[in-house]
Structures are given as structure tokens and as C-alpha cells.
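Biologist: I would like to learn how to read strand pairing and surface charge in a model of this kind. Could you take me through it step by step?

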Amino acid sequence: MLKNHIKIAWRSLKKQPFFTFLNTFGLAIGIAGALLISLYIYDELSYDNMFADADRIHRINADIKFGGEDRKFAVAPAPMAEALDNDFSEVELATRFRTRGSALIRKANTEVNIKEQHATMVDSTFFEMFGIDLLAGDLKTALKAPNTLILTKTAAEKHFGIDNALGQNLLLNNTETYTVTGVIDDLPNNSFLRDHTIFMAMAGYEDSRIVNWGSNNYQTYIKLIPSANVEDIQAPLRGFLGKYVIPGVQQFMPGITEEQFKAAGNHLIYSTIPLLDIHLKSDRVAEISANNDIQSIYILSFIAIFLIVLACVNFMNLSTAHSLKRAKEVGIRKTLGSKKGELIRQFLIESGLVSFGSLLLAILLAIIALPFFNDLADKDISMPYASPFFWLILLASGATLGLLSGSYPAFFMSKFIPVKVLKGTSSNSLGGGKVRNALVVFQFAISVFLIISTLVVYQQLEYIQNKDLGFSKDQVLIVDDVFSAGDQVTSFKEEVKKLGFVKNATLSGYFPTPSSRSDSTFAPVEGATDQENALSMQRWGVDQDYISTMGFEIIAGRNFDQRFKNDSTSIIVNESAVAVIGVSPNEAIGMRYTPDLGSENPTYFTIIGVVKDFHFSPFKNEIESLSLHLEKMAYSLAVKLEEGSFSNAIASIEGIWNKVAPGQPFDYYFMEDSFNNTYRAEQRLGRIFIIFTILSILIACLGLFGLAAFNAEKRTKEIGVRKVLGASVSQITYGLSVDFLKLVGVAILVSLPIGWFAMNKWLEDFSYRIEIGWWVFVLAAFLAVAISILTVSYQSIKAAIVNPIKSLRTE
């Protein structure tokens, strides 16, 4: 019987190639899109689960409000790990990281440096914490001794080769000598340590042993014992404020108590976050690597569901519309004794064949599109061909889709009454008009919602690109690691400034785009121990040319000037800092602050200028208080270039660099590129939105095209009569199209408020954001109407120009 059902189903599908193509291709597009998104989501959800006992590992977070700033840190004080180990029986192990950024590496007795982008200091418990094995070396001794390090496989091969790495000496940043004591495998791309290639021993690092609860610089991880509940340590962890922090900072602020600290509106809350949640649920200061946002996963999940639902709706719509042609077939089969159950099975087998055919086509489309999708999503995803679970999921999904999409048409058509359908008296009621119309509304409502979402995302990105940032990011070339030139750094800068295409140049390690960050708590000279007057600020070391090169606007006071010797103890602050102080910019000039709380010989800095606020954090964050001071030590040179050929400028600057720092790598980037990288996640989301919005519209249009064709075929005789009675082609086209346009209009009315609400929720994450204009909804509505008219008009015009003799000759 099954074989017979399959044979009949195959013949039926072959008999209607247009109907079969629309259903198969529509389903295939939906499945392929959903498959690609599912692979992306699976990759995002798999972050860090390769580590041993990952479900028992947690990181310590710190929420601190003090000195006018409210910050959320991914780092904790140096003594935190030891305190956790001592105070909690639930803690099996603790380990710390302190990132060092990039590092220049060279073998002993050589002059040529090679740059490693990510070097990190770690405790020797690192291996046990994350279950990492050594390819070479001894777990018991690696990272135990000061000035030792381990390399990843790629880094070891780059410098020595895996077999020759152990015992070799490396010079870091031309100053520190380290011995290689181990080699580990490269860390996976879906781990928080994915970019790190050098791990240096924390042992011997003096700062890591200082009991300073007022400084937060260490990513601290704990592993709980199997029977522990992480909630049990939250309250005692919050108690660290009174137990450790307040006594620890009393050397800076004598007499301060926990009650006074809280009464001043301050807080310090330590908490934990599971390792497996960090990638998607943590966006804090000093994250060890860039994270994604769980919101984007929710959005993509909805898009995948929408694509599948749209494709299924297409199938149901076209199948019920097609029921007009199948009505007499059903009537005859019922008359000959077919039961309702047999008819349902027959139609479900037909939908199953379409579903599995679509699944095969979808897999092929996904394989073809995967390289482009990887570029779009900035991923390196591959099809898990070797995974039985993957194929099981696909087969189960194909069967489920066939059942879901075919169930309504199967049950609908099996209800036909033989007498009526064979007499032709119920043709007007066939096809489930109300349900079909509701499904069309649903399809286009989703499409209009995605159009609105895409427009808003791109409008916000355009706002970010064009907003006045308070600094000039264009044509600024940043040369990294200039410290490797030693005492020739200043000469390098001055030689670069002499080039004709250079407007200005400045030495610093701090820039408005992603770079080093450092913050300090300042206190006024009067009341230096009064926490209510404390001022927490970013503290950036710069030179005299910094403000003019960056294009900052001074709104009060003056710039640094080498003619004033006292400028070595002067600072320039931003508007946000002045707002926290509670005075006007002009009143702030001359005020004195010190960052040396508790010192016997503090250095006092005088405010000599105020710059207009500029954005140095993502637009999701408010602008923080900031101070600039003169500093001789510099890590980078920022060069403001004239418009023109950047390749010639780079070549000239590199030529100067090779003269002053032979053998040192010339590493550079443009500030604008660094700025754009800050919003890579939003840009990626925008690109994904536009691609899958187009797919959803394509699926909806395929369904609408098919419905228009069947509608025109159903009304063939009516069109012939109207033409005989004098109706024009335009009148007939309008009559055939207007019903569909009404449905699109209803879809627009449904989707507009949903789109407005959803995108306003998305924009709430940005401190600086657009307001959604009315034109967004008008444009979305116009696009939906225009697309539907183009889709329907072909079939309508085709039906309207048919000679009425052909449609009426049998009457």
C-alpha cells in the first residue's frame, strides 16, 4: 500500500511541475537559511564547552560605583583568588589571568622581533583549572618558576619548532627574558582564549603578590566542587566589601567604614558568572576577548523560525489553493471506496516527498552558500558531515516539516463531499479562503517586520558612522610598538612630522578607538580622604601634540605647552569629569587633584584645560570622566595625514622606521578601521538582517505568485465574461490584484506596531541612538506594496489578455 501511495504521489507531483517547483524551491530556501543560522547559533552556544568541568567554572565580576562613575568589571583585585580559596570550602581551585596585550618576541642573541598579538600572565593552576595538556614539557613544573612561559603550537613552530622549544630563551619587548617550559595545542576558535599564543608565569610578577584590594586588574576564575551550589557563595562574596576591601583601602582613606561608603551612594558588589555564559551574556570592562550578545542569538533564532514558518505557510497556501484541481480526484476516489484515512496518508506522503526533496536541495544550497555566509558572519563554520546527530536532526526536521506543512491541506482536502465536488456546486468554497488569506497576512507581516528591522539597524549604524565623535578618526595612521626604537622614539616622531603629507603626529598609548585603558581615583587637595569628593577618571598619558592631532576641542583653559615647565604636573579633563566635580568648565581651571591617595608624598595635578566630550567607548556606554597628562613613555605614534596616496605615506614612514629601529617590525593600522571594528557585531547583524529579509520576501513572493496563478486560473470563465461585456485589461488586472493588496495592507497594519516596539527595545542598549522616524514605516509599507504588485501583476495581466473565446468556447 505504501509503495502504491508513493507511486501515486510521484505521478501527481510530476503532473503539476509548476506547483511542485514553487513548493520545493520555497521550502528549500527556508530550510537552507534556517540551517545556516542554526550552524551559527550552535557555534555561538558552544563557546568554552571544550574545557574540562566547564560547567563548574565561574568568573568573578565586580560592580563598582565610586568617584562619580558606575562601572561593571570583568576583573578583580590580585588577592581575590587566594581569599576565595581560603574562605570557601566550595572552591576547589582558583586561577588568575592578567592580559599584557601584544608583545614583541625575539630569540636570545638575535635582533629581529616578531609580534605576538596576545600575551597573558597566568597562575600555574591554569592547566588544572581548564584541563589543558602539554604537547611538550612537564605539567608539574611549567609556569611554577618566575620568568617562564608556555607557547601555543603555532607560536612554538614560528619561533623554534615544537621539539626544539623547551629550554629556549625569549626576550619580550626587548627587556624581559623568559624561558620556554611548555607547549600547548592551539586553543579553539570558540574559546575565550582563542587569540592568545603566549602564557607567562604569574610567579615573580610583583604586583600579583601585593595585597591591594583597591585595584582591579586580574581576571579571576574559580572551579567549584561537584556538590557545590554557586548561589551559596554569592552572599559571602558580597561580604568581601566589609571583610577585605574597606580595611584594605583605609591606608588611602583613613577612617572610612562600610556604612560611610554606602551612605555616600557608593557600592561594590562581587558576583560570579558561569564560564559558559561569558561569551553571550557578559559585556564588561576588561573582557579578556571580544564577546557576542545573547540578544543577537534570540534575533537570529526568530529569523530562522520565521523562514521555516514562511516556507510551511507557502506550502499550505499553495496546496489548499491547488485543491480546486484535486477536488474531482478526491470525489472520484471517495466514490470508489477510498476512506478518509487513506486520503490523508496519500496527501501526507506527497508533502513528505516535497519536504525531503526540499531538504536535499536545501543542503546543496547551504553547502554552496556556506563560504559566503562565513564571510558575512565573520566565522569559520563547517558542515558537520561526520556527525550522526547532525544527519538525524536533519532527517527528523524533514519529516516534521512534511507532517506540519502537509497536515492542513491533507485534512482539508479529505473532507470534500463527493456529491458536491463532482457536481461542481462547491467550487467557490474550495480552497479554504479565510485560512489562506490569514496565512498570506502572516507571511507579509513577517516580511514587513524584517524590512523595518533592517532599516532601523542600518540607520543606527549610519548614525554611528556619521555622528560627531568629538575627534577626527579619518586619515589617522597609528604605528604600534614604537617603544622598541628605544631613545630614538622622539627622533622618529620628529622625522615623520617633517614629511610633506603629514599634518601632525603624537606619541601615546591611549586613543579614542580601542587601545590601552587606565583609570585612577583622584582626590582634591582639600579633603583628600573624603570619599564624597573622590573623582574616578580614565588617566591617559600623552604628549603636547596629542590634542591637536586628535582634533579635540578645548572649551576652557589651554593645551599643554612645552614652554610651561609646570605642565608635567598638569592635567586636562573632559566635560564629564567637570560635571562630576559639579562646577563649570571655567571654574574647574586651577583646581588641584592627586591620584596618590594615602601616599606620604603625593603628586598634585592642576587642571589647566577642559576638552569637549569625545566618544572613546562604544555608543552603548555613557562617556566617562577622563584626564590627560604628559608622559614620556609611549607605545604608539598616531600620524594625521593629508588626503592623497596613503600607500606612499606608509612607505615613507616605514623607511624612517627602518632607519631608527632596524630589525623591529613595522606594525600599523588606520584609526577609522579600528573604530569600525568596535561595531563589527552590529555591522554583522545588519548584513545578516538584509540577506535573510530578502530571503523571507522571496519566499513570500513565491507563495503570492503561485496563489495569483491559481486565482487567475480559477476565475478564467469570469474573466472571459467580463471581457465580452467590455471590461478593459486594466480593469481586470485591478480586479485580480486588489484582493491580494488588501491582505498586504492588513499585514502592514499588523507589523508596524510590532516592528516599532521590537526595534525600540533593541535601541535601548545604546546610550546614543536614533529616534525611529515615521519614514521608516512608510518606506517599509511602500516596499511591501510595490513587491506584492510586481509579484501579482504578471499573473493578473497574463490572465487579462487571454482571448475570451478560449475560456468560453465550452459554454
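This is a predicted model: local features need pLDDT of at least 70, side-chain atom pairs count only at pLDDT 80 or more; totals for chains, interfaces and linings use all residues.

Biologist: How many bridges join β3 to strand β4?

Modeller: β3 and strand β4 (residues 114–122) run antiparallel and are joined by seven bridges, with threonine 99 standing opposite threonine 120 in β4. The hairpin of β3 and β4 has six residues between the strands, and there asparagine 109 takes a positive phi near 70°.

Biologist: Over how many bridges does strand β3 pair with strand β10?

Modeller: Strand β3 (residues 91–107) pairs with strand β10 (residues 219–224) over six bridges, in the antiparallel sense, and threonine 95 has tyrosine 221 in β10 as its bridge partner. As a general idea for following such strands, side chains in a regular strand alternate between the two faces of the sheet.

Biologist: Turning to charge, which residues gather in a patch of negative charge on the surface?

Modeller: Patches of this sort are built from residues with over 30% relative accessible area and no salt bridge. Here Asp474, Glu642, Glu643, Glu672 and Asp673 gather in a surface patch of negative charge. Aspartate 673, which lies in helix α23 (residues 671–678), has a relative accessible area of 42% and is therefore partly exposed.

Key
Residues are numbered from 1 along each chain as its sequence is written. Side-chain values use heavy atoms; hydrogens and water are left out. Patches are made of residues with over 30% relative accessible area and no salt bridge: like charges are joined within 9 Å, nonpolar side chains (Val, Leu, Ile, Met, Phe, Trp, Tyr) within 5 Å. Accessible areas come from the Shrake-Rupley method with a 1.4 Å probe; for residues, only the protein chains shown count as cover. A salt bridge is a side-chain nitrogen of Lys or Arg within 4 Å of a carboxyl oxygen of Asp or Glu. Lys and Arg count as positive and Asp and Glu as negative; His and the chain ends are not counted. The place of a charge is taken as NZ of Lys, CZ of Arg, CG of Asp or CD of Glu. Helices (H or I, at least four residues) and strands (E, at least two) are DSSP runs, numbered from the N terminus. Buried means under 20% relative accessible area, exposed over 50%, partly exposed in between (1.4 Å probe, protein chains only). Two strands pair if DSSP finds at least two bridges between them.
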